[in-house]
Amino acid sequence: MLLLDLVISLASVSIVKQQSTRSLQDTISLYMNRINHDFSYINHYMGWTLANDENLAKMNEYPENSTEFLQANDFLYKRFSELQKNYGQEYNFFYYLEDKPFFLNCAPMNISYTDFLELKNQIVSLIENSEVYEKYYSQWKPLLLNNKYYIITIVPYYNRYLISLISADNLIAPLRQIDLGANGEASLINEQGISISTPAFHNDKSPRKNKNVFTLMQSRTTVSSKFSNATFSARMVIKFGAFEKIMIAQLLIVLLFFIVTSTLCILMLFFKKRVLGPIQSFSDNLGRIISEDEPISFKSSKIVELEQANKQFTDLVGQIKTFKIAMYEQELEKQRIQLDYMKLQIKPHFFLNCLTSIYSMAQLQMYKEIEQMTISTSNYFRYIFQNSHNFVRLKDEVAHVCTYLDIQKSRYLNAFTYRVELSEDAGETFLPPLLLQTFIENSVKYAVSRDREMQITLAVHSEKRDLEDERMVILIRDNGPGFPPDILEKLESDDPINPTGGSRIGIMNALQRLDLLYGKEASVIFSNDMNGGACIQITLPVIKHTDEE
C-alpha cells in the first residue's frame, strides 16, 4: 500500500505540473500574440507616417524655431499621443532628423531626462552605422540605457527616423501578475539567455539561499517563447514546492491504513447496498432508454441525485421523441408544399391559352410570331418539368421569367413592357426555382389592363452588411393598381390569406417555401408605391455553391 500510494502521489504531482505547464503556455501564447500584434502595428504605423506624413519632411526643411516647424511638430505630437493612448503610456515615441541633426520625443515620455540624453547619443551612434536598416528595421531589440534595459525599434526613411521605446520591465509586467509560486518568476531574456528585465519575486521576497530536504525535492517548470520580429524572448519559471509536500503527507496518511481496515470493510458493505445497487439499477434503466424495447421502470432510491437523474433522463427521452416527430412532420410538410407548388405550375389553361394564341397567329399567317411563341412555350415547360432541384442559378430563373413575360406579351398584344436589371455578380448566385415567376405572374394577373400600358421591373443586386454577411436583394415593381388594402394588411402582418378560388395561393406557397429553405434568414416586404403599383422586396442570403450542382 505504501508503494502504491507513492506511485499515485508521483503521478498526481506529474499531472498537476503538466496542467500548470499547459496553462502557462496558453497564457504566454495569448500575451505573445497581443505584444506581437502591438509591435507589428506600431512598426506599420511609423513606416506609414514616414512615407506619407508631410510633417516630418516639413520639419526637416524649416528651422526649429520657425512657425512651420512648430506647427508640424505639434501635429505629429498629437498623432503619436493618440497612438500612445491606444497601446499604453509605457510606449515612448521619438523622431530624429539626420540633416539638422535634431532628436525629440513625439509623445509624452515616461523615462528620465538622463535616460533621454543617453538614448539620443546611442541613436545618433546607431544611425551612423550603415547596418541600422538590417538590424533595426521592423526589429525590436534590447538597448541598455544607464544600467536599465529597454526594448527599441528604429524605422528609417531616407534621412528621417522614428523610434519606439518601451521598458523591459513594463513589457513583462502583465506576466508578473500571474501566481508562479513562492519562488517563481517571469522575465525577458536576450539571445544569449541573459535576463534583460529587473528581477522580481512574488510577495516581495527574495529567493531563499539555504537548502533543505524540501528545497532539494522542488522541481522547476520553465516555459519560454520568442517574440516575432524581435531578438528577445519571454520566460516563465514556476516553482511550487507544495506538490512535493503533498506527496510526503500522502505517505504519512497511509500509515493509518491498518487502523481503519475494519471500518473500511463495514463501509464497503454499506456502499454496496446503498450506492452500488441503485447505480446498477440506474444503469439498467439507461440501457432500456437506449434500446426503447421495454418500458422504463425506475425503483425508488435513497440517493436523491439518482432520483433526479432518472427524472431528467425520462424528460430527455420524451423531448427527443417529440423532436423526432416534429422533424418528421416538418419534412412531410416540406414535401407536401413542394408537391403543391409543382402542381400550381402545371396549369392546363395556360398551356391551352398558348396553343390558342399559336392557332390565332397561324390563321393570320404570323409565321415569325408562331416560331417565337412555339420556342418560348417549349422553353417555358421544359424549365418547369426538368427542374427538380431546391436551388437554381439566378440567371436561369431570370431567363425563365423573361420567357414567361414574352409569352404573355404575345397574348396581351404588347399591353405591357418589362425591364430586367441584373448586376454582374448576382447571376451566379442560387435561389429556389420558380420563385420569381410566382410574384411576376401575380403582377401580370392583377395589374395588366387593356386601358393603359403597364411596365414591370425586375431588379436584382447584392449588398454586404459585413465581411461574412452578403445578401441578395430582389425588387419587383409594376405601375398597376397595387395590392388591395385588406390583402396588403394581411401580407404585412404575416396573416394567412384565404385562397378562395385559388387566388393568391402562389404567394402564400412561396412564403412557406422560403421559410422552410431559409428560416429567418429570408424576408419578403410587400408595399404599394405612392404613385401607384405594387412593390415586392425579397432579401435572401447569397448562396454561390450548392450540393445539387
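Trainee: Which residues of the largest nonpolar core touch the most other members?

Mentor: This is a predicted model, in which local features need pLDDT of at least 70 and side-chain atom pairs count only at pLDDT 80 or more, while totals for chains, interfaces and linings use all residues. Residues are numbered from 1 along each chain as its sequence is written, and side-chain values use heavy atoms, with hydrogens and water left out. A nonpolar core is a set of buried (under 20% relative accessible area, 1.4 Å probe, protein chains only) Ala, Val, Leu, Ile, Met, Phe, Trp, Tyr and Cys residues joined through side-chain atoms within 4.5 Å. Among the 57 residues of the largest such core, those touching the most other members are Leu 431, Phe 439, Ile 474, Tyr 518, Phe 526 and Leu 540.

Trainee: Which helix gives the most to this core?

Mentor: Helices are DSSP runs of H or I with at least four residues, and strands are runs of E with at least two, numbered from the N terminus. With seven residues, the greatest contribution to this core comes from helix H13 (residues 394-411).

Trainee: How many residues does the second, separate core hold?

Mentor: This core includes Leu 56, Leu 76, Cys 106 and Val 155. Its total is 45 residues.

Trainee: How many salt bridges does the structure hold?

Mentor: A salt bridge is a side-chain nitrogen of Lys or Arg within 4 Å of a carboxyl oxygen of Asp or Glu. Some are joined in a network, as with Arg 393, Lys 395 and Glu 428. The number of salt bridges in the structure is nine.

Trainee: Where do Lys 78 and Asp 74 lie?

Mentor: Their side chains meet in a salt bridge, N to O, at 3.5 Å. The two residues are four apart, about one turn of the helix, and both lie in helix H3 (residues 67-87).

Trainee: Is Lys 78 buried or exposed?

Mentor: Exposed means over 50% relative accessible area, and partly exposed lies between that and the buried limit. Asp 74, at 38%, is partly exposed. Lys 78 has a relative accessible area of 51%, so Lys 78 is exposed.

Trainee: How many residues apart are Arg 477 and Asp 529?

Mentor: Arg 477 forms a salt bridge with Asp 529, with the closest N and O atoms 3.1 Å apart. The pair links distant parts of the chain: Arg 477 is in strand S13 (residues 470-478), and Asp 529 is in the loop between strand S14 (523-528) and strand S15 (534-541), a separation of 52 residues.
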